[in-house]
Amino acid sequence: MHDDRISLERRLSRVLTERLIPAIYPRSVGLTVRRWDVPGEPVPVADALAADYRPAAVGEAWGPAWGTTWFELSVEVPPEWATDELEGVVDLGFERGGPGFAAEGLVYRPDGTAVKGIHPFNRWFPVDAGATSVRVFVEASANPEITMRVPTLAGDVETASADPIYVLRRAELAVVDPEVRALVADLDVLGQLAAVLPIEEPRGAQIRASVSDALDAIDLRDISGSASAARAILAPVLARPANASAHQISAVGHAHIDSAWLWPLRETVRKVARTCSNVTQLMDDHPDLIFAMSQAQQLAWIEEYRPEVFARVKEKIASGQFVPVGGMWVESDTNMPGGEAMARQFVHGKRYFAETFGIDTQEVWLPDSFGYSAALPQLIALSGSRYFLTQKISWNKTNVFPHHTFWWEGIDGTRIFTHFPPIDTYNSDLSGLELARASRQFADKARANYSLAPFGWGDGGGGPTREMLERAHRTADLEGSPQVTLETPASFFAKAEADYPQAPVWWGELYLEIHRGTYTSHAKIKQGNRRSEHLLREAELWATTAAVRCGVDYPYEALDRLWKTVLLHQFHDILPGSSIAWVNRQARDTYQAVATELETLIGDALDAVGSTAHAATADGRSDGAQVFNAAPFARDGIPALGSGTVGELAATVVERSAGGYVLDNGSVRAVLDADGLIRSVVDAATGRDAIAPGGVGNLLQVHPDLPNDWDAWDVDAFYRNTRTDLTDAETVQTLSLPGGVGGVQTVRRYGDSTFSHLITLAPGAAALEIQLDVDWQERETFLKAAFELDVRAEVSSSETQFGHVNRATHDNTSWDAAKFEICAHRFVHLAEPGYGVAVVNDSTYGHDVTRTVRDDGGTTTTLRLSLLRAPRWPDPETDQGQHRLRYALVPGATIGDAVREGYAINLPVRIREAEGPVAPLVSVDSADVVVESVKLAEDHSGDVVVRLYAATGCRARTTVRADFTASAVESVDLLERPLDIGQIWDDPAAALVDFRAFQIVTLRYRR
């Protein structure tokens, strides 16, 4: 036979799009339209329904960017349609942009209850059977399309145009022909299946023959009358059962909704309402639909702002159709949140699901975050969850990940059963192409046969459609196709684990080989996050001390609200700096407000503990200034987590030397050249110079930065090919600062930007600290600070949550080479046997490490901090303006020194008037163990909760001493529920605790 595949595919495509799909609605009448344009921001539903509407018509323009127009649509149903199935059809101007990326609407009844959302691929709303009239309201959102890589002012309501950007194209009441709709679904599935089957297999040819016969049977002048005959021709090929070895796909309805991205937070509230309304309405018609929704924050939003939608969600959760998953407050970034913040994502997420719905979620659901920290497996397990799902690693640009189902082992040895859907999308439409891809790409097919497919429109929400469900139904048992089963994530994971208990193991982080620029973009958001995390630590510590020692009320509600605010802003498009200008502006303002409120809480707590100081000095009083140290390490004689006074220390010597400057405090000696660049840093303990011979420290370097695709997200490796070193200083001067601190200040210029460095060495300090004030006015430019170190380091050790990860400093493999930009929290440590150097920071996450061998045979390992970028999409003003960045070089540092100095630069001491020193509530006697948090229990019982971890990568043992009365102490999980770790303690005042490397232990003291 002749090969007519292409001709048939083209014929089928045209008949479907031009004839059959329009024939689903054989008759229609226009709806009467009235409108109300909301002045300013969206209003409550009740206010909109009571507004003054004016006559309008199809063809009218509406909606300035970010505006809202309410349309009232009504009509009397023609009597001859009394027994017909009817639907409303609305086109808000869906000419561009996919679901969630342009105009959207939510249909309401006159009583204010939501019906369903509408978007470009879901334009209909139901009409009650037997209705004699129709009257609905549509809340239409004029969200602008933010075109990829095109800088635009539309990303902020303050700069967007006030001109209308949409036109109402259609508003009709239509009769539905269910037989034509079913024929469309039959042809859709069979046509897609035939297109992906191997040409040499008979099944594809048989399907094409049946499709051709069915098309011949359709009378295009009487589609309704001939649809049944065409379906009868297709029925035998649809009835052929799947192959015995067919891949098994668990289809889970889903709608990935970015909590902010190309839209502001307030719009996400409406996106969630639209999506949830879509889903619950679809469940009424399709009881087999299972829909999984993550992000407790989003459900909390509709509980607060759209209670009528939330009531429907609760109804479907109770029926088992709507399934909360994820166990996190939001789908956060996992590279940059600190350890305690990452833990609180699970605490607040799982608490919300448990308290609101009575559900203990077991699946951690992060389909779209930009890489996954090696600390996650332990945190997942400690939250009481068992499984992890993501899809994003399929975006790797260099290496194909070798597994789809595997055990993921974290830095402490915890393993979590993990799945990457081989369908390679979290927004599947269950097309034949996607189903075939899932089967073909499943990397573990030799020993396993189950994968999961999240289906539904996403990113901007939308969720599953009835067309997707028709595909699922027809591929449940269809020859040539994987077998699709609609079921819960829990059912999938139970099957997959039972099918593949000896799955392979992946050790360490799941590094994403793309989107590396998110470690740096929008520095003020990074700073706001880091500062908020440490202020929350301080607020909890001192509020707990005040509550236990002084009986002061603990600010439960304020801390709960502030934590949730910070957790929300760790969403994977806010903290990474990859959102529109409106989101970034609001985030900056929010972080400032959070800091102001936390400073007040800290001040109130310190006032309380200072006025009734515990453990006064020998004479019973010690009026005057006290130094409060919230860090987990003592410094300058001040105990960790307590207060005291600092003795006199010799001032740092600052002097001019031949051709440069010297800073010397007796522990560290730094030499700077005439331009203020660091040429030598020697610690007295080792006598070694941290700077490589002929090398330099704190050298600012700039690179052009125009990635191939995702501006705010990416830095591509070729950026390194062009570099400008900022060596020349405009001015250099020495400074003697308060407290005996010596400093050298330099000013440099590049382009339209100014850089002012203040390099200081405090008395007794082990670190040379650098403060950089920048007026950054560059575009598409990358700013780095380089330290050329005399260390032969095979790996770099970068802090992550509750520990650190080691990464190769060489490019031996493609996996190593792909990590040309890495994420670290408070420190990066480089070492050879017997000697190490650390660089610590107060808000920088992006780094790179390279190594070269010098002519003298020694190795120079260069560590660079990624300080600022200036991408123009989606926020054209990213990083423009004033910045202050702080970092420090720690010569002769062990990994423990790096941990200590990382905390120190992020937790400056506080000097307050107090009646005497404040003894710590808890203390440890091992430098390897860090007290990460001290707080009161979430259940308001007054119990004290202390979280600790083994920070240096070795096993550790410490006595945890509690300086307060407690009746018992026990180990608990992140949600503060009893957890058996094989250790019990009889004496709460002195608990001897053993740790494996990087183990997290949470102790609850009963009071």
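**Panel A. Val-662 is a buried residue of this predicted model.** The relative accessible area of Val-662 is 2%, so the residue is classed as buried (under 20% relative accessible area; exposed is over 50% and partly exposed in between, with a 1.4 Å probe and protein chains only). Val-662 belongs to strand E26 (residues 660–664); helices (H or I, at least four residues) and strands (E, at least two) are DSSP runs numbered from the N terminus. Between the C-alpha atoms of Val-662 and Ser-923, which are 261 residues apart along the chain, there is a separation of 38 Å. Because the model is predicted, local features need pLDDT of at least 70 and side-chain atom pairs count only at pLDDT 80 or more, while totals for chains, interfaces and linings use all residues. Residues are numbered from 1 along each chain as its sequence is written, and side-chain values use heavy atoms, with hydrogens and water left out.

**Panel B. Phe-310 and Phe-357 form a tilted aromatic pair.** The search of the whole structure finds 40 aromatic pairs. In this pair the ring centres are 5.9 Å apart and the planes stand at 40 degrees, so the arrangement counts as tilted. Rings of Phe, Tyr and Trp (its six-membered ring) pair if their centres lie within 6.5 Å; planes under 30 degrees apart are stacked, those over 60 are edge-to-face, and the rest are tilted. Phe-310 is in helix H8 (residues 307–319) and Phe-357 is in helix H9 (residues 339–357), so the pair ties together parts that are 47 residues apart in sequence. Phe-310 is buried at 6% relative accessible area, and Phe-357 is likewise buried at 14%.

**Panel C. Phe-388 and Trp-408 form a tilted aromatic pair.** The centre-to-centre distance is 5.2 Å, and the planes are 45 degrees apart. The pair links distant parts of the chain, with Phe-388 in strand E17 (residues 387–389) and Trp-408 in strand E18 (residues 405–409), 20 residues apart. Phe-388 is buried, with a relative accessible area of 0%. Trp-408 also counts as buried, at 0% relative accessibility.

**Panel D. Seven-residue listing of an aromatic cluster and the charges over two tryptophan rings.** Phe-101, Trp-261, Trp-263, Trp-395, Trp-710, Trp-713 and Trp-873 make up one aromatic cluster. Lys-392 is placed over the face of Trp-395, 3.3 Å from the ring centre. Arg-466 is placed over the face of Trp-124, 3.8 Å from the ring centre. A charge sits over a ring if NZ of Lys or CZ of Arg is within 6 Å of the ring centre and within 35 degrees of the ring normal. Trp-873 of the cluster is joined to Pro-874 by a cis peptide bond with omega of about 10 degrees. Pro-874 is in the loop between strand E42 (859–868) and strand E43 (881–891).

**Panel E. Helices H14 and H16 pack roughly parallel to each other.** Two packed helices are described by the angle between their axes and the distance between the axes. Helix H14 (residues 523–550) meets helix H16 (residues 581–611) at an angle of about 20 degrees, with the axes 8 Å apart. Axes are lines fitted to C-alpha atoms, for helices over the stretch in contact, and angles run from 0 to 180 degrees between N-to-C directions. H14 and H16 are therefore roughly parallel (under 35 degrees; over 145 is roughly antiparallel, 65 to 115 roughly perpendicular and the rest oblique). The crossing of H14 past H16 is left-handed, a term for a near helix turned anticlockwise from the far one by less than a right angle, with right-handed used if clockwise. The contact of H14 with H16 comprises 18 nonpolar, 5 polar and 5 charged residues. Here Ala, Val, Leu, Ile, Met, Phe, Trp, Tyr, Cys and Pro count as nonpolar, Asp, Glu, Lys and Arg as charged, and the others, Gly among them, as polar.

**Panel F. Asp-424 and Asp-459 have positive phi values.** Asp-424, which is not a glycine, has phi of about 65 degrees. Asp-424 is in the loop between strand E19 (415–419) and helix H11 (432–441) and is partly exposed at 25% relative accessible area. For Asp-459, phi is near 80 degrees. Asp-459 is in the loop between strand E20 (450–455) and helix H12 (466–474) and is buried at 13%.
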